[in-house]
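Biologist: I am new to this structure. Please take one contact between chains and look at it closely. Then set it beside its surroundings.

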There are 6 protein chains.
Amino acid sequence: MTDLTHLNQEGEAHMVDVGDKAHSSRTAIAESCIKMLPATLEMILSGDAKKGDVIGTARLAGIMAAKKTSDLIPLCHPLALTKVEIRLEADAALPGIRIQALAKVNGQTGVEMEALTAASVAALTIYDMAKAVDRAMEIGPTRLLKKSGGKSGEWSAS
Amino acid sequence: MTDLTHLNQEGEAHMVDVGDKAHSSRTAIAESCIKMLPATLEMILSGDAKKGDVIGTARLAGIMAAKKTSDLIPLCHPLALTKVEIRLEADAALPGIRIQALAKVNGQTGVEMEALTAASVAALTIYDMAKAVDRAMEIGPTRLLKKSGGKSGEWSAS
Amino acid sequence: MTDLTHLNQEGEAHMVDVGDKAHSSRTAIAESCIKMLPATLEMILSGDAKKGDVIGTARLAGIMAAKKTSDLIPLCHPLALTKVEIRLEADAALPGIRIQALAKVNGQTGVEMEALTAASVAALTIYDMAKAVDRAMEIGPTRLLKKSGGKSGEWSAS
Amino acid sequence: MTDLTHLNQEGEAHMVDVGDKAHSSRTAIAESCIKMLPATLEMILSGDAKKGDVIGTARLAGIMAAKKTSDLIPLCHPLALTKVEIRLEADAALPGIRIQALAKVNGQTGVEMEALTAASVAALTIYDMAKAVDRAMEIGPTRLLKKSGGKSGEWSAS
Amino acid sequence: MTDLTHLNQEGEAHMVDVGDKAHSSRTAIAESCIKMLPATLEMILSGDAKKGDVIGTARLAGIMAAKKTSDLIPLCHPLALTKVEIRLEADAALPGIRIQALAKVNGQTGVEMEALTAASVAALTIYDMAKAVDRAMEIGPTRLLKKSGGKSGEWSAS
Amino acid sequence: MTDLTHLNQEGEAHMVDVGDKAHSSRTAIAESCIKMLPATLEMILSGDAKKGDVIGTARLAGIMAAKKTSDLIPLCHPLALTKVEIRLEADAALPGIRIQALAKVNGQTGVEMEALTAASVAALTIYDMAKAVDRAMEIGPTRLLKKSGGKSGEWSAS
């Protein structure tokens, strides 16, 4: 197991040097979900406009949050994202909404945090928009599904 | 069950009018957790400085994220937070780290989103700092524990 | 005609002192519009999902921009907005889209800039989403429709 | 006419993939203007210091806004701008002030939105600084004048 | 000597609770200065336009930075500033430029950090604009001159 | 002595064109310090947790501020920083704390402002956390220690 890369030799936090890493095309996909009462899910899904707006607001919030990742996560490098896409899908079995977020960059460091942040903020936005009817909603598990590019190459959640 | 308050009569998203709500002291406490390999937790906890920095970085990231909530969640009102406090605790049973975030305001709208955002970003920060050794960490459940103040008064997770 | 209030006696820019102004409920409504080719408007309006997303994205962008007003306009005071609402309407006569933005606050200074900024950014967002098919779109006139509250009271565009 | 590029096949908003586009030098020039009472223009122009500050404040607000474009416009990519320049000119015929904004980048996507955002925020800043004497000022038309670089190459407003 | 107020009983960083403090009118004035070569100062001061822009840009940067204080300083509370004013003055004896920044709020916590941040960023901006001709410029001492309001009342630097 | 590069021929502020400058690896190191009462320094240093948090909070604030430089300094270009590292050291002789900040980029413009901003905000954060016990602390001198890369090459403070 390698060392924690964000702590220098004295164990102090710092932004690691990525200046000598190769530029490569990097992609990451993260997922989250939010569980709710069946009636809450129904309310979100009922009516075209309402569905469009709850789901659509969460999608945009996630996309915009991906662009704020280096502002939110203290040791993340600023990145020129080339693509962000978020999919939200109702899942009656939860019951609730499943979220997948994809981020891409051509750069010297990965986009796992951008994908995870996008998925998390999309879920928080759904909570915000439905909390008046259901405060007990639960977000998670939020996790990385896969990543590609960079020295460590491909990785997929088992 | 009341209507979704962030959608106006045509179902379009908007920031609801809180201008006529009473000013009251409002508090919210949210929790999240992040599950990891036992070796990852050990590495985070080993050594005073290292522990201080992973945990300390996550705590600050969460506090600062609480202040960015209205910038992240599209329909949240900007709030003059009067207090934010975050506690992180290792839990060998997960194994991983448990996070509780408290937010307070004297205002016309609640601070649930601030507490949930703080807890989520603290968890994402731990993921960022330990991801080089453990990409399979999972965040959640992230949920509201309790809130007080405002017209709806006290609420606690069951 | 009174003096320019943002310039002190030496003519230097400064944030004027509003600390002694009365707290009152203040509202402002601004409008903008964006003119485009008939085919562009048709494309935006065709299909439920597409319509929902162009219009819906512009609406959210405008709401979020209202909250960034004091970050964008150098001498604006930070404000705790209590409401933001944006309406977008296709107008075949332009042809294009009309935008109205309303902002509200209980405070010591007005919300004209918040309403104008919201309307402007909503229009810019439509430009962004349709520019691949129509670079010649034109935004404006962007103007204040009315305001209420504060020492100067009611004002309406003639 | 090509499809709206910011909507995927289901019509959902997303940040389009620019990762495979060629890097090229891209420039865009946008213009806006703000019309006002003759007395308002005179007041802005009277006195060296005052002129310096109204015009100078608007110029800086525009430059700084160009750097916030991807934060304001939901589906814009973050860009490493290499140049921003803004010119403001009194025009007695309006009467009012004309604004031109130029943005440049070496990158995979264009800078039209950066130039349009800069011009818009410069105009909004003039409104803010003169609104105490003239609430009826009107901003626009705001439009792209020309762009160069990228697959679509040169484009000029007719 | 009282305890460090930003560390809770376990010594962890947190945003202290100001919710029970009285609302009062609070003011703070901070100063900074930047020392440079005589030729650098001359160049900044030579020509009306140039002087206006270096000094004017620094003034605006300071005002805008005051509004970002709670975003920059991790444990600062967000504040609705009611006034910010910055004065810059050439001082041939330094040689260089002296900066004073005043911030005001009606609130539950002081504005010392807002005044200090404004003065610091104004000085950094001068450095930025003149660094091509003089990299050895030095900023400081940056310090609080006086504050009023709040439980601790008046304080002045000796 | 060359001209002030941020003023165009009419002396107006603008973001200079760096689009034709060569990409090179650029580094800058800046320093600041904060002087305080001996008892304040002792309090900061006493107790493991307390030391960790004051120093650790300042370190993170500085790192995060480096990423906000182009948002704070009006004419700075946005940069994709590849590394930021900050060291803080107690110095009984001041008495106080010495700060060094290093920033790195592969790009077309230097990182002096990022290093100076990081050092300044780290110092301001220490002031914030200790001001309840010592309002007379003084920050500075803040200055560039050295830079490398770019057309002007190596530079060191004498």
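Modeller: Start with a term: a salt bridge is a side-chain nitrogen of Lys or Arg within 4 Å of a carboxyl oxygen of Asp or Glu. This is a predicted model, in which local features need pLDDT of at least 70 and side-chain atom pairs count only at pLDDT 80 or more, while totals for chains, interfaces and linings use all residues. Residues are numbered from 1 along each chain as its sequence is written, chains are lettered from A and ligands numbered from 1 in the order in which they are written, and side-chain values use heavy atoms, with hydrogens and water left out.

Now the part itself: chain C against chain D. Each of the two chains brings 58 residues to the contact (contact means heavy atoms within 4.5 Å). Together they bury about 5000 Å². Carbon and sulfur atoms hold 69% of that. Buried area is the accessible area, taken with a 1.4 Å probe, that two parts lose on being put together, summed over both.

There are 4 salt bridges between chain C and chain D. In one salt bridge, K68(D) meets D71(C), N to O at 3.6 Å.

Which elements build the side of chain C? Those giving two or more residues are α1 (38-45), α2 (48-67), α3 (69-72), α4 (112-130), β4 (138-139) and β5 (143-148) of chain C. Helices (H or I, at least four residues) and strands (E, at least two) are DSSP runs, numbered from the N terminus. α4(C) gives the most, with 12 residues. By class, this side has 32 nonpolar, 12 polar and 14 charged residues. Here Ala, Val, Leu, Ile, Met, Phe, Trp, Tyr, Cys and Pro count as nonpolar, Asp, Glu, Lys and Arg as charged, and the others, Gly among them, as polar.

Chain D also touches chain A. That contact takes 17 residues from chain A and 20 residues from chain D. About 1500 Å² is buried there, 50% of it on carbon and sulfur atoms. On the chain A side, R59(A), K67(A) and T82(A) lose the most area, together 32% of what that side buries. The rule finds 3 salt bridges across this interface. D17(D) pairs with K104(A) in a salt bridge, closest N and O atoms 2.8 Å apart. α2 (48-66), β2 (83-91) and β3 (96-107) of chain A each give two or more residues. β2(A) gives the most, 5 residues. The chain A side divides into 8 nonpolar, 2 polar and 7 charged residues.

Chain B does not contact chain D; their closest C-alpha atoms lie 10 Å apart.

One backbone detail in chain D remains. Most peptide bonds are trans. A cis peptide bond, with omega about 0°, joins G140(D) and P141(D). P141(D) sits in the loop between β4 (138-139) and β5 (143-148) of chain D.
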